[in-house]
Amino acid sequence: MDQNNIPYKIYLSEDEIPKQWYNVRADMKNKPAPLLNPATMQPMGFDDLRPVFCDELIKQELDDTTAYIDIPDEIRSFYKMYRPAPLVRAYCLEKALGTPAKIYYKFEGNNTSGSHKLNSAIVQAYYAKQQGLKGVTTETGAGQWGTALSMASAYLGIDCKVYMVKVSYEQKPFRREVMRTYGASVTPSPSMDTEIGRKINAEHPGTTGSLGCAISEAVEVATKTEGYRYVLGSVLNQVLLHQTVIGLEAKAALDKYGITPDIIIGCAGGGSNLGGLISPFMGEKLRGEKDYQIIAIEPASCPSFTRGKFAYDFCDTGMVCPLAKMYTLGSNFIPSANHAGGLRYHGMSPILSQLYHDGLMEARSVEQTAVFEAAQQFARVEGILPAPESSHAIRAAIDEALKCKETGEEKTILFGLTGTGYFDMVAYQKFNDGEMSDYIPTDEELEKSFATLPKVNA
Ligand SMILES: *Cc1c(COP(=O)(O)O)cnc(C)c1O
């Protein structure tokens, strides 16, 4: 297919917003391993999960067989506020690189929360409301997820309690104020409101918190407060499911012009945007219909796929959440303090972990100065100021396009541009001032953290 006359942006109509999510588990021969109860180490069923999650979301979490799940009309109406998201042909980047490669990116930053996270936030808030709940609790690190959930909760008129990692709460007042503007309560974590928060504060006086700790607090509050449930912004099967709107739209747009990508690239923190982007393509691959090279990009300072272990691990520091079998660095792993590029979670989506383990996708790690170089180059030619997380994917897309320049191959590259970086200017400042450094954990550090993996005979 001649790709010289493709529009700069391929837009779909409102009608073409997906009517169903695609559940890639239905086509996986090896299903992701079940969540385990941290107390008994037994697989968790519907009833075990009910105190923590909303009923409908548990059904989605446990459903390994239904390939297509209907998107309720009210959620599609909300999606219309910022979807369909454009699929952009990166003509300017191609030109700047002098590459024969054709580069496309799916841009998910076109909403106030600035990332793809809103795609799942609205779904989780919707099912909480359907169940007659008063509100939801969650954690947030840098703040994108908390912002997305605040927006969704405000739209639906339910309460939203966010536990925000203390260091971000103090250093990122803008995100915090966006959340409060949308009506959420934002508490720095570890707080003194929860048992686990008081315990962590007593054991580590002056601690600035971590995601794993904020998760434990949010779960504790959800399970102890009448009418509340906990919601999570990544990692879980249900979140990947909701994020398939990204991949379904991207595929529909490419299909309009008969374009088949050779390489699909996404950044991977907990794996939700990448899982959502690749799902429909992976489905074709799993069914033997087509083949794609699929690459997850993670930070060298938090290398879950490339250096982690495929094992059952805790999802949180307080060990209150179910255990998940995933590529993990150990729940005690905390990325180096100079790590500015996001994607800091110690584990990875069980679905993607299984696919990676089965050789159906690749993973690479990149260092943050190289990531910010790619971000800067992209911003200057394509105009969008990318989130540091998204820029991991940009780095890899540029690298692949440069390889094509050497070989003369006209590969088609699709990558996920998950969001904008307006709230990450402290990290950009470090880069612009030449003060950004790379940190790669040593094997000894990782071994220390692996030693704390729970012993599970599953
Ligand atoms: C949260 C976030 C990510 C990483 O999360 P995943 O679950 O791996 O998708 C990537 N990009 C942006 C902009 C984010 O906010």
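How many bridges join strand S6 to strand S7? I looked this up in the predicted model and found that six bridges join S6 (residues 135-140) to S7 (residues 159-165), and the two run parallel. Gly 135 has Asp 159 in S7 as its bridge partner.

Residues are numbered from 1 along each chain as its sequence is written. In this predicted model, local features need pLDDT of at least 70, side-chain atom pairs count only at pLDDT 80 or more, totals for chains, interfaces and linings use all residues, and side-chain values use heavy atoms, with hydrogens and water left out.

Next I followed the sheet. It is open, with four strands in the order S8-S7-S6-S9 and parallel pairing (two strands pair if DSSP finds at least two bridges between them). Helices (H or I, at least four residues) and strands (E, at least two) are DSSP runs, numbered from the N terminus. S8 (185-189) and S9 (228-230) stand at the edges with a single partner strand each, so one side of each lacks a neighbour in the sheet.

Then I turned to helices H6 (residues 144-156) and H8 (residues 173-181), whose axes come within 8 Å and cross at roughly 15° (axes are lines fitted to C-alpha atoms, for helices over the stretch in contact; angles run from 0 to 180 degrees between N-to-C directions). That makes H6 roughly parallel to H8 (angles under 35 degrees; over 145 is roughly antiparallel, 65 to 115 roughly perpendicular, the rest oblique). In the contact (heavy atoms within 4.5 Å), Gln 144, Gly 146, Thr 147 and Ser 150 of H6 meet Arg 175, Val 178 and Met 179 of H8.
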